[in-house]
Amino acid sequence: MALTNIFIQEKLVEKFGDQVSTFATDTDILSFETLAANNLKVIQFLYDELGFTFLTDLCGVNYPDQKDAEIVVVYHLHNFIENIRVRLSIAVPVEKPDVFTASKLFESANWMERETYDFFGVNFIGHSNLKRILNVDEMDYFPLRKEFPLEDQTRIDKDDEMFGRG
Amino acid sequence: MEAHKNIDLPQGSIEKRTTTLNIGPTHPATHGVFQNIMEIDGERVVSSEQTVGFIHRAFEKLAEHRNLYQITPITDRLNYCSSPINNMGWHITCERFLKVEIPKRVDYLRVIIMELARISDHLICNSIVGVDTGAYTGFLYVMQYRELIYEIYEEVCGSRLTTNIGRIGGFERNFTNTAFTKLEKFLNEYPKVLKEFESLFTRNRIFMERTQGTGGITAARAMNYGFTGPNLRAAGVDYDVRVANPYSSYQDFDFTIPVGTTGDNYDRFLVRNAEMWQSLSIIKQAYEKVQSFKGAAAEIFHADVPEYYLPKKEDVYNNMEALIWHFKIIMGEVHLPKGQIYSAVEGGNGELGFYLVSDGGRTPFRLHFRRPCFIYYQAYPELITGGMLSDAVVTMSSLNLIAGELDA
């Protein structure tokens with residue numbers, strides 16, 4: 001039986017109730033959110049029951065305006081047999097960005113989590129080797145967070161207003 | 001197991017049986033900026049740890065401050081052996097996100113360029129595997145034919161390695177007749193070369209003994225490690241983005257996905273060679289399809305997206321609307337829609353994905369590159385542990401690791 005977005009959504013809601021939310025299918029990928037405490041349970045469920053055995057991508061996004069949900073970790077999972085993808089995101093507060101590691105389930109998560117730690121400071125609980133990967137070890141900040149401006153801020157042509165967010 | 005016992009002892013202590021060997025960051029055997037700290041017992045690798053990030057250039061941060069068209073040159077510098085695929089992958093991501101309809105002729109022209117890029121990528125990788133097993137001839141011989149591919153790029157976009165080819169919506173100009181003549185020359189000459197290249201290696205006993213059974217991985221482990229592209233297919237999984245999630249009208253072409261069985265260096269080599277034959281066949285089909293457009297249809301080389309595709313220079317001088325769009329595009333005053341998208345293309349070494357998040361500003365709010373070799377390089381220690389040091393060198397080159405992509 002072909003796996004459809006609606007079927008996946010029903011299965012998830014049946015299993016997790018209101019712990020999974022905000023289902024959307026922009027650009028054909030089913031995306032949804034869950035609580036940070038649930039991420040491993042949901043990923044394991046998708047892996048075991050629905051055949052999402054391939055972790056395509058794992059990355060962070062920083063939304064400085066979302067109170068207590070500033071850091072979002074996004075997982076892209078792929079079911080090769082049915083050829084369907086889902087996007088799972090979890091939000092954590094920037095003061096305490098604790099997320100359970102998926103590297104026990106997917107070896108590929110190991111470096112992607114290190115990368116997410118490196119750039120966003122997400123603390124992956126249970127990770128065997130959580131240290132910086134692309135940046136130098138001595139770095140004491142997390143550069144992809146929005147609080148770090150890229151360019152010389154005295155340049156008015158690089159003002160945020162010029163990028164449509166005044 | 002005996003070898004593992006004394007591994008943590010300080011260097012120089014009498015009980016220590018293993019040697020710590022530091023290969024890289026710049027080493028003739030690594031073909032790029034790679035560092036590996038290995039523990040070796042005699043010539044056997046006991047353990048290894050990679051260091052990455054030597055040429056990290058913060059592309060994801062840069063992309064947050066650039067308009068869409070300014071991000072294309074960044075993508076060049078990911079996998080620079082096949083930069084046109086990265087460029088097209090980025091354009092396709094933008095077009096999917098902006099819901100732009102692309103004319104068929106543009107799709108076919110893109111397929112020609114992307115498959116040429118795939119050939120040049122695989123050609124480099126396979127000939128480097130040859131170099132690392134002691135056969136320099138193949139490498140020198142095929143470089144001449146990569147040059148033909150680069151000349152086609154040059155004719156289409158003006159540059160060779162970091163191409164910045166195409167625009168959002170299509171190409172910056174139509175292909176000239178010279179470009180097609182060069183393509184025909186390549187299509188005529190290349191099959192003989194590839195055949196000869198294969199005859200140098202495929203049944204060469206030295207090459208087979210060096211590569212067979214080294215650096216192997218099972219299909220299950222490869223999937224768990226996030227392998228994609230030829231490396232995954234060599235392990236026996238027939239996953240190819242061109243077939244699974246067709247882009248740029250790949251569904252119109254007839255081709256097969258070569259797969260291997262053992263996932264070792266030899267299978268990876270064979271899969272890449274077989275893919276080059278498939279790419280050649282795709283280019284021929286695409287060229288025929290392009291030729292079938294006549295008259296006005298043969299002049300279409302871009303879609304109608306005034307918000308993102310620069311108008312012709314004559315129009316900018318003579319036409320008010322074109323002038324306005326020109327300024328809006330150059331100054332980056334076009335606002336993106338809100339939303340997010342993950343879009344992937346089959347790069348030279350695996351699934352190259354772009355995860356774009358937009359908050360309605362003029363630049364991406366967040367752009368993440370799914371770089372295939374960053375993900376599968378993790379498996380390197382597992383592939384080489386227990387093998388000979390000299391096989392580790394071959395394994396590294398047969399994985400098709402590109403430092404620019406690894407470090408982004």
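**View 1. Overview of chain A.** Chain A has a secondary structure of 3 helices and 7 strands (helices are DSSP runs of H or I with at least four residues, strands are runs of E with at least two, and both are numbered from the N terminus). The model is predicted: local features need pLDDT of at least 70, side-chain atom pairs count only at pLDDT 80 or more, and totals for chains, interfaces and linings use all residues. Residues are numbered from 1 along each chain as its sequence is written, while chains are lettered from A and ligands numbered from 1 in the order in which they are written. Read from the N terminus, the elements of chain A follow the order α-β-β-α-β-β-β-β-α-β. Of the 166 residues in chain A, 39% are buried (a residue is buried if 20 or more other C-beta atoms lie within 10 Å of its own, exposed if 12 or fewer, and partly exposed in between, with C-beta atoms placed from the backbone). Among the contacts in chain A with a separation of 6 or more, 51% come from residues 24 or more positions apart (two residues are in contact if their C-beta atoms, placed from the backbone, lie within 7 Å).

View 2. Helix H1 of chain A covers residues 5-16. Its end C-alpha atoms are 16 Å apart, which agrees with the 16 Å that 12 residues should span at 1.5 Å a residue (the expected span is 1.5 Å times one less than the number of residues). Gly17(A) follows H1(A) and has a positive phi, near 60 degrees.

**View 3. The five-stranded sheet of chain A.** An open sheet of 5 strands in chain A has the order S1-S2-S5-S4-S3, and its pairing is mixed (two strands pair if DSSP finds at least two bridges between them). Strand S1 (20-24) and S3 of chain A are at the edges with a single partner strand each, so one side of each has no neighbour in the sheet. On average, neighbouring strands of this sheet are turned by 20 degrees against each other, direction ignored. Helix H2 (residues 39-50) of chain A lies across S1, strand S2 (30-34), S4 and strand S5 (84-92) of chain A, and runs at about 170 degrees to S5(A) (axes are lines fitted to C-alpha atoms, for helices over the stretch in contact, and angles run from 0 to 180 degrees between N-to-C directions).

**View 4. Strands S3 and S4 of chain A.** Strand S3 of chain A, residues 54-62, is mostly covered, with 9 of its 9 residues buried. S3(A) pairs with strand S4 (residues 71-79) of chain A in the antiparallel sense, over 8 bridges. Phe54(A) stands opposite His78(A) in S4(A), and Leu55(A) stands opposite Leu77(A) in S4(A). In a regular strand the side chains alternate between the two faces of the sheet.

**View 5. The three-stranded sheet of chain B.** In chain B, 3 strands in the order S4-S5-S6 form an open sheet with antiparallel pairing. Strand S4 (338-346) and strand S6 (366-370) of chain B are the edge strands, each pairing on one side only. From one strand to the next, the twist averages 10 degrees. S4(B) is joined by 9 bridges to strand S5 (residues 351-359) of chain B, and the two run antiparallel. Within this pair, Ala344(B) stands opposite Gly353(B) in S5(B). Helix H4 (residues 83-98) of chain B lies across S4 and S5 of chain B and runs at about 145 degrees to S4(B).

**View 6. The contact of chain B with chain A.** The contact takes 30 residues from chain A and 34 residues from chain B. On the side of chain B that touches chain A, at least two residues each come from helix H2 (59-63), helix H9 (219-224), S4, S5, S6 and helix H15 (372-376) of chain B. S4(B) gives the most to this side, with 4 residues. By class, this side has 13 nonpolar, 14 polar and 7 charged residues (Ala, Val, Leu, Ile, Met, Phe, Trp, Tyr, Cys and Pro count as nonpolar, Asp, Glu, Lys and Arg as charged, and the others, Gly among them, as polar).

**View 7. Two residues of chain B with positive phi.** Most residues other than glycine have a negative phi. Asn164(B) has a positive phi, near 50 degrees, and is found in the loop between helix H6 (136-157) and helix H7 (177-201) of chain B. Asn164(B) is partly exposed, with 18 other C-beta atoms within 10 Å. Ala408(B) has a positive phi of about 40 degrees and lies in the segment after helix H18 (403-407) of chain B. Ala408(B) is buried, with 22 other C-beta atoms within 10 Å.
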